[in-house]
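Have the sequence at hand as you read.

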Amino acid sequence: MSREVTHDANGPDVIDPDDHDGDIYVCRCGLSEDKPFCDGSHTATVDEDEGVDYKYENDDDEQPRHRIATIEFEE
Ligand code: FES
């Protein structure tokens with residue numbers, strides 16, 4: 001089983017729960033390998049072109065990002 005989830009953020013949410021422990025960075029890009037925390041993987045999204053959809057595949061080290069020509073939904 002797999003699922004497609006669309007994310008359009010290219011950076012984390014920053015949470016500051018108290019004054020003692022520092023900020024917490026929560027992943028919003030969907031690429032972190034340490035969810036729910038940001039691990040810096042969002043840097044791969046900074047040069048995405050506006051209006052283009054991408055698919056990232058973690059099991060493809062040489063070409064993890066692919067442009068998607070069309071997204072079709074089954075009726
Ligand atoms: S926001 Fe996802 S890895 Fe940083």
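The text below goes from the whole chain to one residue.

This is a predicted model, in which local features need pLDDT of at least 70, side-chain atom pairs count only at pLDDT 80 or more, and totals for chains, interfaces and linings use all residues. Residues are numbered from 1 along each chain as its sequence is written, and side-chain values use heavy atoms, with hydrogens and water left out.

Let's begin with the fold. The chain has 4 strands and 0 helices, and its pattern along the sequence reads β-β-β-β. Here strands are DSSP runs of E with at least two residues, helices are runs of H or I with at least four, and both are numbered from the N terminus.

Some overall values are collected here.

| Property of the chain | Value |
|---|---|
| Radius of gyration (over C-alpha atoms) | 15 Å |
| Box filled by C-alpha atoms, along the principal axes | roughly 50 × 30 × 25 Å |
| Accessible surface (Shrake-Rupley, 1.4 Å probe) | about 6600 Å² |

For comparison, a compact globule of 75 residues would have a radius of gyration near 11 Å, by the rule of 2.2 Å times the number of residues to the power 0.38. Carbon and sulfur atoms account for 44% of the accessible surface. Buried residues make up 12% of the 75 residues, where buried means under 20% relative accessible area, exposed over 50%, and partly exposed in between (1.4 Å probe, protein chains only).

Now to Thr-70, which sits in the segment after strand S4 (65-68). Thr-70 counts as exposed because its relative accessibility is 57%. Its C-alpha atom is separated by 38 Å from that of Asp-23, 47 residues apart along the chain.
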